[in-house]
Amino acid sequence: MSSLLLRMGKADEAEEMLKRCPSLKDFTDDTFLKTGNPRFSGDMVLLARIRERLGRLEEATGLASKALSFRQKLLGNRLKTCDSLYQVASIFTKRGNFASAIDLLNECVTTSQSLPEGEVQLARAWYKLHTIYAQVGKTKQSEELRDKAKALKRKILKGSERYGVESEESYDRLNLWMLW
C-alpha cells in the first residue's frame, strides 16, 4: 500500500502506512539491516524513496546506501542490486555529487551487462549517465550515452513508442515489476 501511495504522490501518507505495518512496527532504520532478511531491504528501499520524495535527501542517502550494501553482500550482482545502485546514484545527483553518481552508474552498467535480463537497468543507467554528463558539460559523452540508451529502449519496446518523450521517467517505466 505504501508503494502505491508513493506512486500517487502521497509520500507523507506512504511513510505513515509503512510505519503501521505490523511486521515493521518496532523497526528503526538500522534494524532493517540487522535482520538479514532480504524482504526488509526492500522496505528500506521503499522508505528511502519516500524520504527522497519528501526532500529529506540526507536520510534517503543513508537508507539507500545501507540497502545497497546489504544487497551487494547478500545478493551479489542481481537486478535488485542494479536498482539500488541506480537509486543511490540518483540521490547523489540531486545532491550535486556527480562523481560518485557516475561511479555507481558505471558499476550498474557493468553489472547489468553481465545479466541476461539486465537490458532495462542498462538503458536506465545509460540515460541517467547521459543527463549527468549533460549537466557537467560533457556534451560528446552525453550524446553518445543518450543514443545508446534510446537504441536499447527501442529494442526493449520492440519499436513501440508507447513511452513517448525521452525522460528519466520513461526509462523508469521500462521496469515492468517492482524491484524494491
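**View 1. The protein chain as a whole, in a predicted model.** A residue counts as buried when its relative accessible area is under 20%, as exposed when that area is over 50%, and as partly exposed in between. In this predicted model, buried residues make up 46% of the 180 residues in the protein chain. Among the contacts between residues at least 6 apart in sequence, 55% join residues that are at least 24 apart.

**View 2. The packing of helix 5 against helix 6.** Helix 5, which covers residues 57-75, and helix 6, which covers residues 79-94, pack with their axes 9 Å apart and at an angle of about 155 degrees. Because angles over 145 degrees count as roughly antiparallel, helix 5 is described as roughly antiparallel to helix 6. The crossing of helix 5 and helix 6 is left-handed. On the side of helix 5 the contact is made by L57, A60, T61, A64, S65, L68, R71, Q72 and L75, while helix 6 contributes K80, T81, S84, L85, Q87, V88, I91, F92 and K94. Sorted by class, the residues in this contact of helix 5 with helix 6 are 9 nonpolar, 6 polar and 3 charged.

**View 3. K66 in helix 5.** K66 and M44 are 22 residues apart in sequence, and their C-alpha atoms are 8.4 Å apart in space.

**View 4. The packing of helix 7 against helix 8.** Helix 7, made of residues 98-113, packs with helix 8 at an angle of about 155 degrees, and the axes of the two helices are 9 Å apart. Helix 7 and helix 8 are therefore roughly antiparallel to each other, and their crossing is left-handed. The residues of helix 7 that make the contact are F98, A101, I102, L105, N106, C108, V109, S112 and Q113, and those of helix 8 are Q121, L122, A125, W126, K128, L129, I132, Y133 and Q135. By class, this contact of helix 7 with helix 8 has 12 nonpolar, 5 polar and 1 charged residues.

**View 5. Q135 in helix 8.** Q135 is found in helix 8, which spans residues 119-135, and with a relative accessibility of 51% Q135 counts as exposed. When residues up to four places away in sequence are not counted, Q135 touches T93 and F98. Of these two partners, F98 is 37 residues from Q135 in sequence, whereas the distance in space between Q135 and F98, taken from C-alpha to C-alpha, is 9.0 Å.

**View 6. The cysteines C82 and C108.** A disulfide is a covalent bond between the sulfur atoms of two cysteines.

Terms used: Residues numbered from 1 in each chain as written. Predicted model: local features only at pLDDT ≥ 70, side-chain atom pairs only at ≥ 80, totals over all residues. Heavy atoms only, no water. Disulfide = S-S within 2.5 Å. Axes fitted to C-alpha atoms, helices over the stretch in contact; angles between N-to-C directions. Helix = DSSP H or I, 4+ residues; strand = E, 2+ residues; numbered from the N terminus. Parallel < 35°, antiparallel > 145°, perpendicular 65-115°, else oblique. Left-handed = near helix turned anticlockwise from the far one by under 90°. Contact = heavy atoms within 4.5 Å. Nonpolar A, V, L, I, M, F, W, Y, C, P; charged D, E, K, R; others polar. Buried < 20%, exposed > 50% of the residue type's maximum accessible area, 1.4 Å probe, protein only.
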